[in-house]
Amino acid sequence: MLSTNVIRTIVGIIGNIISLFLFLSPVPTFIKIYKLKSVEEFKPDPYVATILNCAMWVFYGLPIVHPDSLLIITINGVGLVIEGVFVTIFFIFSNNKKRKRICFYLLIETVFMAAVVLITLLVFQTTQKRSMFVGILAIVFNIGMYTSPLTVMRMVIKTKSVKYMPFTLSLFNFLNGVVWVIYALLKFDINVLIPNGLGTLSGLVQLILYAWFYRTTKWDEDDKAPAQQVQLSEI
């Protein structure tokens with residue numbers, strides 16, 4: 001019979017795989033942006049928020065902060081690179097106003113992350129205290145990653161259209177939250193449980209909105225419902 005640690009490791013690996021799909025789920029959106037040479041009404045908020053979230057969790061998983069957290073480092077390190085590519089593409093095809101906004105937020109995130117690293121290493125001398133400090137911050141910004149789509153959800157409700165809320169991103173948000181909740185419960189980790197519990201709820205709400213407003217969405221000629229249905233069936 002498998003031990004709890006082995007099961008937790010297996011679940012963590014599954015979580016890494018699903019999280020990878022979550023990070024890659026906006027690829028169709030960015031292919032569309034590249035083809036149109038414009039971001040249209042797509043918003044950079046989720047991707048900019050995810051950069052800070054990934055950076056925080058990579059730091060949290062380091063041996064000097066929270067030992068034995070390799071699976072947390074691997075997926076968030078990969079996610080950091082992927083989100084960096086997405087934000088770069090978004091920046092290239094945005095207008096000057098959106099570019100300034102992206103640069104402003106990235107600058108704030110960089111300064112904040114540098115401050116967190118310095119405070120953690122200089123003020124807290126044990127991994128237990130460092131884990132608690134960085135873990136609390138990681139929870140806050142993990143919640144920020146999951147709640148950043150609120151701006152998109154508000155637009156969906158207002159326009160009665162899901163055109164600018166990618167289904168794959170919503171689906172993998174939900175699946176990712178569920179798996180990491182299980183991971184956190186197998187060896188209780190409040191820092192992982194809280195944000196992913198909220199992430200599960202956020203993903204579920206997005207899926208409900210997608211189902212509710214799918215029929216009222218006015219698709220472009222090159223992005224009609226049948227094409228979207230093919231994408232749904234592939235998942």
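This is a predicted model: local features need pLDDT of at least 70, side-chain atom pairs count only at pLDDT 80 or more; totals for chains, interfaces and linings use all residues.
Colleague: Why is the pair of F104 and Y105 called tilted?
Modeller: Rings of Phe, Tyr and Trp (its six-membered ring) pair if their centres lie within 6.5 Å; planes under 30 degrees apart are stacked, over 60 edge-to-face, and the rest tilted. The structure holds 11 such aromatic pairs. For F104 and Y105 the centres are 5.7 Å apart and the planes stand at 55°, so the pair is tilted.

Colleague: Which residues form one aromatic cluster?
Modeller: F30, Y47, F86 and F90 do.

Colleague: How do you know that the charged end of K37 sits over the ring of Y34?
Modeller: The test asks for NZ of Lys or CZ of Arg within 6 Å of the ring centre and within 35 degrees of the ring normal. The charged end of K37 is 3.8 Å from the centre of the Y34 ring. R99 also qualifies, with its charged end over the ring of F91, 5.3 Å from the centre.

Colleague: How many disulfides does the structure hold?
Modeller: It holds 0. A disulfide is a pair of cysteine sulfur atoms within 2.5 Å. For C54, the nearest cysteine sulfur is that of C103, 19 Å away. C54 is buried, at 0% relative accessible area. C103 is partly exposed, at 41%.

Colleague: What does the span of helix α5 show?
Modeller: Helices (H or I, at least four residues) are DSSP runs, numbered from the N terminus. The expected span is 1.5 Å times one less than the number of residues. Helix α5, residues 96–123, has 28 residues and should span 40 Å. Its end C-alpha atoms are 40 Å apart, which agrees. The buried residues of α5 are I102, E109, M113, V116 and T120.

Colleague: Where does the "transmembrane region" annotation fall?
Modeller: The unreviewed UniProt entry puts it on several spans, including 71–92 and 104–125. Such annotations may be inferred rather than shown by experiment. In the model, residues 71–92 are 100% helix and 0% strand, with end C-alpha atoms 32 Å apart. Residues 104–125 are 91% helix and 0% strand, with ends 33 Å apart.

Colleague: What makes a set of residues a nonpolar core?
Modeller: Its members are buried Ala, Val, Leu, Ile, Met, Phe, Trp, Tyr and Cys residues joined through side-chain atoms within 4.5 Å. The largest has 43 residues; I33, M56 and F90 have the most contacts inside it. Helix α3 gives the most to this core, with 10 residues.

Colleague: Why is N176 called buried?
Modeller: N176, in helix α8, has a relative accessible area of 4%, which is under 20% and therefore buried.

Colleague: Why is D68 called exposed?
Modeller: Its relative accessible area is 79%, over the 50% mark, so D68 is exposed. D68 lies in the loop between α3 and α4. Its phi is positive, about 60°, although D68 is not a glycine.

Conventions:
Residues are numbered from 1 along each chain as its sequence is written. Side-chain values use heavy atoms; hydrogens and water are left out. Helices (H or I, at least four residues) and strands (E, at least two) are DSSP runs, numbered from the N terminus. Buried means under 20% relative accessible area, exposed over 50%, partly exposed in between (1.4 Å probe, protein chains only).
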